[in-house]
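Please consult the sequence and the structure below alongside the text.

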Amino acid sequence: MIIPYDTEWNNIYNEEKNKIQKQFHIKIINIKHISYTAVPGLSAKPVIDIDLIVSDPTQETDYIPALEKLGYILQVREFISNL
């Protein structure tokens with residue numbers, strides 16, 4: 001269901017970002033609010049998508065359990081090599 005833009009989406013993202021930062025004991029390179037709810041004024045599905053960039057994505061046991069504990073579900077894995 002697509003709904004009109006909600007100014008609370010950014011606040012929700014910031015709350016979730018803070019939870020993630022407090023939970024992790026590994027190096028987080030970056031956390032970004034992505035997708036449609038991140039675009040001011042754009043109607044969207046009311047789902048806050050978060051891109052979490054970690055120092056070593058191959059070490060999933062370092063971060064997947066912590067994310068699951070917070071209620072997150074991993075949707076996409078993307079590994080970037082230094083070719």
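The sections below treat the overall fold, the pocket and cavity, a surface patch and a salt bridge in turn.

**Overall architecture**

The model discussed here is a predicted one. The secondary structure of the protein chain amounts to two helices and two strands, and these elements follow the order α-β-β-α from the N terminus. Along the principal axes, the C-alpha atoms occupy a box of roughly 40 × 30 × 20 Å. The protein chain has 83 residues, of which 17% are buried.

**The largest pocket**

The volume of the largest pocket is about 920 Å³. Its lining comprises 27 residues, and those nearest the centre are Ile50, Asp51, Leu52, Leu74 and Val76. Which elements each supply at least two residues of this lining? They are strand E1 (28-34), strand E2 (49-54) and helix H2 (64-69). Strand E2 gives the largest share, with six residues. By class, the lining of the largest pocket consists of 19 nonpolar, three polar and five charged residues.

**The largest cavity**

The largest cavity holds about 30 Å³ of space. Ile64, Leu67, Glu68, Tyr72, Ile73 and Leu74 form its lining. Five of these lining residues are nonpolar and one is charged, while no polar residue takes part.

**A nonpolar surface patch**

On the surface, a nonpolar patch is formed by Tyr36, Val39 and Leu42, which together have about 280 Å² of accessible area. Tyr36 is located in the loop between E1 and E2. Is Tyr36 buried or exposed? Its relative accessibility is 56%, and because this is over the 50% cut-off, Tyr36 counts as exposed.

**Helix H1 and the salt bridge**

The structure has one salt bridge. This contact joins the side chains of Glu16 and Lys19, with an N to O distance of 3.1 Å. Both residues belong to helix H1 (residues 8-23), where they are three residues apart, about one turn of the helix. The two partners fall into separate accessibility classes: Glu16 has a relative accessible area of 16% and is therefore buried, being under 20%, whereas Lys19, at 43%, is partly exposed.

Helix H1 also contains Gln21. With a relative accessibility of 41%, Gln21 is partly exposed, because this value lies between the 20% and 50% limits. Gln21 and Ile31 are separated by ten residues in sequence, and their C-alpha atoms are 8.9 Å apart in space.

The table collects the accessibility values of the residues discussed above.

| Residue | Relative accessibility | Class |
|---|---|---|
| Glu16 | 16% | buried |
| Lys19 | 43% | partly exposed |
| Gln21 | 41% | partly exposed |
| Tyr36 | 56% | exposed |

**Summary**

In brief, the predicted model has an α-β-β-α order of elements. The largest pocket, of about 920 Å³, draws six lining residues from E2. The salt bridge between Glu16 and Lys19 lies within helix H1, and Tyr36, Val39 and Leu42 make up a nonpolar patch on the surface.

Terms used:
Residues numbered from 1 in each chain as written. Predicted model: local features only at pLDDT ≥ 70, side-chain atom pairs only at ≥ 80, totals over all residues. Heavy atoms only, no water. 1 Å grid on protein atoms, 1.4 Å probe; cavity = no way out; pocket = protein on both sides within 12 Å on 5 of 7 lines; lining within 4 Å. Points joined across faces, edges and corners; volume = space filled by probe spheres on them. Helix = DSSP H or I, 4+ residues; strand = E, 2+ residues; numbered from the N terminus. Nonpolar A, V, L, I, M, F, W, Y, C, P; charged D, E, K, R; others polar. Patch = residues over 30% accessible without salt bridge, like charges linked within 9 Å, V, L, I, M, F, W, Y side chains within 5 Å. Areas by Shrake-Rupley, 256 points an atom, 1.4 Å probe, with all protein chains shown as cover. Salt bridge = Lys/Arg side-chain N within 4 Å of Asp/Glu carboxyl O. Buried < 20%, exposed > 50% of the residue type's maximum accessible area, 1.4 Å probe, protein only.
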